[in-house]
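Me: Please take a close look at a single part of this model, the strands and how they pair, and describe it in one connected answer.

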Amino acid sequence: MRIEKKENVNGGIGPIYMKHILEENQKNAKTKLFAEVTIPSGSVLGYHEHHGESETYYIISGEGEYNDNGTIRPVKAGDMTFTPNGSGHGMSNTSKEALVFMALIQLD
């Protein structure tokens, strides 16, 4: 599995790490991304919108704040978020440990 480091994603702060569970040749026509995402302490995945697709997060470990179309709510291990087509979201790590979650983007 390929691990990709990205900096200041969607105008966020600091690095995030994406472990690609499925590569391009393994995805079907409806799957854009299936990855384990790690946001280190203090990093932020910037707010962004989805058009023609939806995204689901499943939190594995850590704690953070999830921006759901401008409404901020806490998230922790075991929580799930869903961002439908035409909506936006972002995530910040508010804990001292890494925030780890699964991310699935599906095309509409």
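**Strand pairing and a surface patch**

Reply: In this predicted model, β6 and β7 form a hairpin with 2 residues between them. Asparagine 69, in the turn, has a positive phi of about 55°.

Next, the open sheet. It is formed by 6 strands in the order β1-β2-β3-β10-β5-β8, with antiparallel pairing. β1 (2-7) and β8 are the edge strands, each pairing on one side only. From one strand to the next, the twist averages 25°.

At the β8 edge, the pairing is with β5: the two strands run antiparallel and 4 bridges join them. Glutamate 55 has threonine 83 as its bridge partner in β8.

A nonpolar patch lies on the surface here, formed by Tyr58, Ile60, Met80 and Phe82, which together have about 400 Å² of accessible area. β5 (53-61) and β8 (80-83) are the elements that give two or more residues to this patch. In a regular strand, side chains alternate between the two faces of the sheet. Phenylalanine 82, one of the patch residues, is found in strand β8. Phenylalanine 82 counts as partly exposed because its relative accessibility is 43%, and partly exposed covers the range between under 20% (buried) and over 50% (exposed).

Notes: Residues numbered from 1 in each chain as written. Predicted model: local features only at pLDDT ≥ 70, side-chain atom pairs only at ≥ 80, totals over all residues. Heavy atoms only, no water. Patch = residues over 30% accessible without salt bridge, like charges linked within 9 Å, V, L, I, M, F, W, Y side chains within 5 Å. Areas by Shrake-Rupley, 256 points an atom, 1.4 Å probe, with all protein chains shown as cover. Salt bridge = Lys/Arg side-chain N within 4 Å of Asp/Glu carboxyl O. Buried < 20%, exposed > 50% of the residue type's maximum accessible area, 1.4 Å probe, protein only. Pairing = 2+ DSSP bridges. Axes fitted to C-alpha atoms, helices over the stretch in contact; angles between N-to-C directions.
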